[in-house]
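Subject: The two-chain model, with notes

Hello,

Here is the structure I promised to pass on. Please have a look at it first, and then read my notes below.

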Amino acid sequence: MRIWRHRPGSAMLAAVAALSLFTAACGSDDSEASGGAGGEGEVSGEITLLTPIYEGTDGEKLLEEELLPKFYEQYPDVSVSVDYTTYGTLNEKLTTAVASGLVPDVMMMGVGWIEGFADKGVLRELSEFGITGESLKESYTEQIVQAGMYDGGVYAVPIMLDTRFAVARKDILAEAGFDKPPSSWEELREYAIALTERDADGTLTRAGFDMLSHDLRQMFEVFLFSSGASLFNDDVTEPTFNSPEAVEALQFMTDLINEHKVEDVGFSSTDAQVHPLINGRAAMGLAHNNLWLQVQESAPELADQLVPFLINGEQPGMFFGGTLATVSANSEHPEAAAALLEFLSSPEAALAANEQRGNVPALTELLDSEYVRQNKMVQFAMENLEHAQNEGGPPQWLEIRGEFTPAIEAALLGEKTPQQALDDLAATAQEAMDR
Amino acid sequence: MSMTTKSLETTAGDVRDRARRPARGRRSSGRKLRRAGWLMVMPAVAHTIVWIAIPVVATFVLSFTDYEVFSAPSFIGLDNYVELWNDDIFRKATWNTVVYTFFTVPFSMAVAVVVAVFLNQKIRFRAAFRATFFLPQVTATVAIAMVWLWMYNPQYGLINAVLSFFGLPSQAWLDDPDLALWSVILVGIWQGIGMKMLIYLAALQNIDPNLYEAASLDGASSVRQFFSITLPMLKPATFFVFVVSIIGAFQVFDQVYVLTDGGPANATTMMTYEVYRAAFQDFRMGLACAQSVVLFAFLLVLTVINRRLTGGDDQ
């Protein structure tokens, strides 16, 4: 655990405090505008931050050398200990933290996580700090606000979004005589078949549509959303991801691989160092918005050749996850924690964090930022957020979601039919929800 | 008279005192020794109680509860065990663990014996060879798994490159459910050789060279000597290696976590991986404890069977 503490000298402390009070009095401070975490002078304490973002040297540098110093300018009596982790180990961190009673004051977690932790009483409802659903809807789109809510209360404020949509290589499409990306499932199938290439002995050299470089659960969810199906019913009491529309979505994916052979099992994986769209091993595929960063780093000349598009079934399908900031229910310094939450989700701090990861800012006002304007993938995602849907729903989602990938693999590998795979999955989910 | 009697009594008292003094000294010295003994073992006892006994007892107790970390455990009797009994994935994980153990333990032991015998000879670069074989043992499993991940890569991995060189088709080693478990087993065998070799090497150096000399004089071939002297003399080491290897194999986790994440379609999930999933992904600590108890029961039974089969109680 890296610990970052602010220990300014007393003279400097007084100067900064005076300056921040003056700034607060004169400026339009966000925290006060939204009810805030109290007056800045009143906020104090040593708090901890658990974060799966700001990872790596660059991330730590951003947080510790750029963002937190600005936070301390506003809140000189607060010190923050940062515990860095990754999404892969966030579960373990949170579990052990809760079990040991040492829950961080501010926790960042993903979309779909909030319900479970809020249901168990780990998170603090944020209305006491003036953060309500209505106030958030002024700055975020409805579905993003909903991702941080549970049982009518707000428990999290979004910082960044991770979106998934389809991307095509314009140059490869052109070679095959297609001048625009597919606009329906049928066209997607047609294009994918036409764009698939194999060598003389039948070995796949280019996938028509790459599905295997991506998390299969999220891949399926894009098609599921596109089919018009949903993961759960409206009151989140029953899974609906085995509805006829959802089964059709998985059947479509299964057929692409097993019948139309647009990609072979093993051709790519989530461990692939280079996305197959970049090295030409795929003509189309599902991608994360940070594909833009990868292209800029490894093959900037391809930037103009990447065309994002939505998979259109009954409706456009796009997935969004993301990172939200929460406050622990047991925080001894809730005002300081809320102040940090508000700071990290403020336009300036959120933009910097998004830029570092190539992610999509959750704040609507950042659509006009230079970062968004210059990042084709992020811009596309933000312009189409109205179509984006997220996973989650029941408090047991973290348990249920772990069962998705094996179920989808079983269907793709022909071990089960899509109907069997999704029915079994739904039975497992229902059991968890009823427990 | 009285003087004489007193004098005699004094004399007798002195004798008794003298006789008592060494005895008391011995008792005192014994007490000191015992106290010192207890002090010496206290750290180990404390360690055992705090880090082994209490967690083991807690695991057993929690296995009968519904404990989701966020709230206090509630007693549910045998429900967790009933759920495990009916859980297809845990059954598959148990089977995969048994298969993994069945193949990794004997194969790696066999290779380790041969390598140890080879490295016990006076050959050039013996130390370098020993270090090389032991290297996988001291390298982080995650790092090893990353290397194997590259070797198994269907497109640019070393193994498919070799197959391609011989005109054989490429394989999706970790994505094909028929191959994935065997791919994990191969890594397990390779990684397990180092430690076993080291133990065998130590045991080999305790075998009396006169036995080999006598066998040679009697005309026994090297192969005969290996089967009639080396292997029998390695029996205690074999028992130890076998037990430790079985326990290690049943606890396989790292390479599954890194190489396959239990997939594809749960083809490589193991008991420990299911424990991890239940505890840290599903937050079901009670269920995870029940899985751990089942794992413990497997290991206990296997160890007892092994002890009986190898006559371990003679050692």
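Let me start with chain B, where buried residues make up 32% of the 315 residues. A residue is called buried here if 20 or more other C-beta atoms lie within 10 Å of its own, exposed if 12 or fewer, and partly exposed in between, with C-beta atoms placed from the backbone.

Before going further, some housekeeping. This is a predicted model, in which local features need pLDDT of at least 70, side-chain atom pairs count only at pLDDT 80 or more, and totals for chains, interfaces and linings use all residues. Residues are numbered from 1 along each chain as its sequence is written, while chains are lettered from A and ligands numbered from 1 in the order in which they are written.

Chain B

Chain B has 13 helices and two strands. Helices (H or I, at least four residues) and strands (E, at least two) are DSSP runs, numbered from the N terminus. Of the contacts in chain B between residues at least 6 apart in sequence, 69% join residues at least 24 apart; two residues are in contact if their C-beta atoms, placed from the backbone, lie within 7 Å.

Chain B is split into domain 1 (21–62) and domain 2 (77–314), with bounds that come from an automatic or database domain assignment. Their C-alpha centres are 36 Å apart.

UniProt, in an unreviewed entry, lists residues 94–306 of chain B as "domain: ABC transmembrane type-1". UniProt positions are in the numbering used here, feature names are shortened, and annotations may be inferred rather than shown by experiment. In the model, residues 94–306 of chain B are 75% helix and 0% strand, and the end C-alpha atoms of the span lie 19 Å apart.

The UniProt record (unreviewed entry) also gives "transmembrane region" for residues 36–64, 98–119, 131–151, 179–203, 234–253 and 285–305 of chain B. I looked at two of these spans. Residues 36–64 of chain B are 93% helix and 0% strand, with end C-alpha atoms 41 Å apart. Residues 285–305 of chain B come out as 100% helix and 0% strand, and there the end C-alpha atoms are 30 Å apart.

B:Q205 counts as exposed because it has 10 C-beta neighbours inside 10 Å. Its C-alpha atom is 41 Å from that of B:T59, a residue 146 positions away along the chain.

Chain A

The secondary structure of chain A comes to 19 helices and 14 strands. Its radius of gyration is 23 Å, close to the 22 Å that the globule rule gives for 435 residues, so chain A is as compact as a globular protein of that length. That radius is taken over C-alpha atoms, and the rule is 2.2 Å times the number of residues to the power 0.38. Along the principal axes, the C-alpha atoms of chain A fill a box of roughly 75 × 50 × 35 Å.

Buried residues account for 51% of the 435 in chain A. Helix α13 (residues 334–344) of chain A has 11 of its 11 residues buried, so it is largely enclosed by the rest of the structure; among them are A:P334, A:E335, A:E342 and A:F343.

A word of caution on confidence: the mean pLDDT of chain A is 87, and 91% of its residues reach 70 or more. Over residues 1–39 of chain A the pLDDT is below 50, although this stretch has 54 contacts in the model beyond near neighbours in sequence. pLDDT is the predictor's confidence in each residue, from 0 to 100.

The domain assignment of chain A gives domain 1 (10–162 + 321–389) and domain 2 (163–320 + 393–434). The contact between them takes 24 residues from domain 1 of chain A and 22 residues from domain 2 of chain A. On the domain 1 side, α16(A) supplies the largest share, five residues.

Where the chains meet

Finally, 22 residues of chain A are in contact with 19 residues of chain B. On the chain A side, α4 (87–100), α17 (397–401) and α18 (404–412) each give two or more residues, and α4(A) gives the most, with five. By class, that side has nine nonpolar, seven polar and six charged residues. Here Ala, Val, Leu, Ile, Met, Phe, Trp, Tyr, Cys and Pro count as nonpolar, Asp, Glu, Lys and Arg as charged, and the others, Gly among them, as polar.

Best wishes
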